[in-house]
Amino acid sequence: MRPSLTGPDRTRLDARALYFVSYDGLVNTNSFQKHALLTYGGHQYAVWYTASREAVVARRGLGATTWSAVPLPHRLKADDSHNVICMGVSPVDGRLHLNLDSHSDGFHYVKSVAGLLDDPSGTAWGPSAFGAVRTTLDGLPLTDRFTYPQFLTTPEGLLQLSYRAGVSGNGRNALAEYDGSRWTALGEWSGATGTYTSAHGTSTARSMYLHGLDYDRRGRLHALFTWRERDTAVLAADGGLTNHDTGYVTSDDRGRTWRDDAGTLVGTTGGPDRVRVTDTGLVVDPLGPNHCLMNQESQCVDSAGRPHAVVSHLPVRLGPPAGGYAAARTAHARAHHLRKTASGSWLKTEIPVPLRSSQRTRLVLDRHDNAYAVLPHGRIAAASAASGHTDWALLFDGAGLNAFGEVVVDETRIVADHVLSFMYQEKSAGTTPSPLYVADFALPA
C-alpha cells in the first residue's frame, strides 16, 4: 500500500487566536508540543491561547465539524513561544492533564475529574470538569527551572511527564510519573557536564534536546536527540546554533535506566550516572555544529519497533552557513529521514523538498509504515515502506492554508482512525490575532 492523502477537511478552533512571533515560532503551534492535539476514546482534544491570552481546551467527536471549548482560569504570562500548552492522558483513572506556560521558570498544571475521558457523554464538559490551576503536580514541585513538557503514557496506563530542568545550554532531562493517585519524581537522566571539542573550540556545558519519547508495541522506550553546547567557541563563526549530532538511547524499564544503540548501560534516572556527551556509542548520525541542525524535531517508531526521525539542517555538501542561522536554513536547509533498518544499521535520506523556512518538520507513520513528513506551512511529503522510504515526493503543497510555519500533529489520531490531523495558525502581522484551524487528511486504511 502506497502513501496517499485525501483532503484536507478543515474545522476552525478560534477566529482570533493569540498571535506573536517569538524565537521564530508561535506559542499555539510549536511542533514540539506533545500533545496540543490529541485523540482518545472517540474524541479529539485541542489546547491553545485566545486573543485575550486565556488558556482554552476544546473537544469534538471524531468526524464532527464543531468544537466545544472550555476556558481555563489562566492567562499567558509572557510573549514567549516556549510557553506552550501540552496534554496527557492517564488511562488508569480517565483524566486529562495539562501543563502550560513555562520557560526556565515555574510551570502551571491542571487536571480533569476522573473518568472524563472514559465517559465523555456522561460527564459534564465545562469548567467544572477541571480542577484549579496549580504550580505543582498535586503538591510535587519538581524544579523552578522548568521547560519543554511532554506527556507520554506507559504500556500499563500510567502517565509520565518529561521535562528539562535548568536552562538552554546547561539543562538536564528528567521524568515524573503519575499512577492514578499521586505524582512521583523519578529524577534527572541526562547530564550537562563534560567536554565537547569541535574543530574550532570546546564547550563544557550543554543541554540534550529530545526529538521525542515514544513507547513501541513491546514496551521499549525510544529517545532520539541532539546536543546543544553552551559555548559558541565550537562554531566556525558567530550567529548560529551550537546543535550537533543525533544520538539515540532506549529504556526497557519505563525510563529508569538507559542504554545506547549497542545495549550498553549509559545512564540511570535519579542516579549519579547520567547520559552525557562523553559517553561513546550514543551518536547514530554524526554532524558537527556548523550545519544549522534543528533541535527538538520529530521521531516515531514503526510496527517492528524500529525508530525513525526527521532531522533538518544544511546539506553537508554546502559547508558552514553564510549569513545568519534563520536566513541560511530558509535558503538552503532540507529535512532528512533517519531510520534504523532491520539489519541494525542507520540510513539517512534527504527529502527532496526545500524547507523555505527556519522551522521544524513533523514525522508520522501510517498503519503500513509509510512515512509522512509534515513540513513547515502545512506541506506534506511522503515515502513508501515498500521502497525502503527512499521515494520521497510532495503530496500536498499547503495550498489554501496560509499556515504560518510549524504545525502541531495529532500522533494519536492516526492510530484511532487513519487520519493525519494537524493544527495550524494563519499568518498574521505583528500581534494581530489570526484564525486557528485543524486540517484532516484521510490516510490509507
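How many aromatic pairs does a search of the whole structure find? The search finds 16; here, rings of Phe, Tyr and Trp (its six-membered ring) pair if their centres lie within 6.5 Å, with planes under 30 degrees apart counted as stacked, over 60 as edge-to-face and the rest as tilted.

Before you go on, note that this is a predicted model, in which local features need pLDDT of at least 70 and side-chain atom pairs count only at pLDDT 80 or more, while totals for chains, interfaces and linings use all residues. Residues are numbered from 1 along each chain as its sequence is written, and side-chain values use heavy atoms, with hydrogens and water left out.

**Exercise 1. Classify the ring pair of F225 and W227.**

Step 1: A pair of aromatic rings is described by the distance of the centres and the angle of the planes.
Step 2: For F225 and W227 the centres are 5.4 Å apart and the planes stand at 80°.
Step 3: The pair is therefore edge-to-face, given that planes over 60 degrees apart count as such.
Step 4: Both F225 and W227 are buried (under 20% relative accessible area; exposed is over 50%, partly exposed in between; 1.4 Å probe, protein chains only).

**Exercise 2. Find the strand partners of β14.**

Step 1: Strands (E, at least two residues) are DSSP runs numbered from the N terminus, and two strands pair if DSSP finds at least two bridges between them.
Step 2: β13 (residues 193-197) runs antiparallel to β14 and is joined to it by three bridges. Y196 has S203 as its bridge partner in β14, and four residues lie between the two strands of this hairpin.
Step 3: Five bridges tie β14 to β16 (residues 221-229), again antiparallel, with S207 opposite R228.
Step 4: In β14 (residues 202-210), seven of the nine residues are buried, so the strand is largely enclosed by the rest of the structure.

**Exercise 3. Trace the open sheet that contains β1.**

Step 1: Four strands pair antiparallel in the order β1-β31-β30-β29.
Step 2: β1 and β29 (408-409) stand at the edges; each has a single partner strand, so one side of each is left without a neighbour in the sheet.
Step 3: Seven bridges join β1 to β31, and T11 has V438 as its bridge partner in β31.
Step 4: Now look at Y437: the charged end of R10 sits over its ring, 4.5 Å from the centre (the criterion is NZ of Lys or CZ of Arg within 6 Å of the ring centre and within 35 degrees of the ring normal). Y437 also belongs to a cluster of ring pairs with F396, F422, Y424 and F441.

**Exercise 4. Where does H82 lie, and which residues does H82 touch?**

Step 1: H82 is in the loop between β5 and β6.
Step 2: H82 counts as buried because its relative accessibility is 10%.
Step 3: Leaving out residues up to four places away in sequence, H82 touches Y23, N30, S102, H103 and Y148 (contact means heavy atoms within 4.5 Å).
Step 4: The side chains of H82 and Y148 make a polar contact at 3.2 Å (a pair of N or O atoms within 3.5 Å; within protein, one must be able to donate a hydrogen and the other to accept it, and residues adjacent in sequence count only if both atoms are side-chain atoms).
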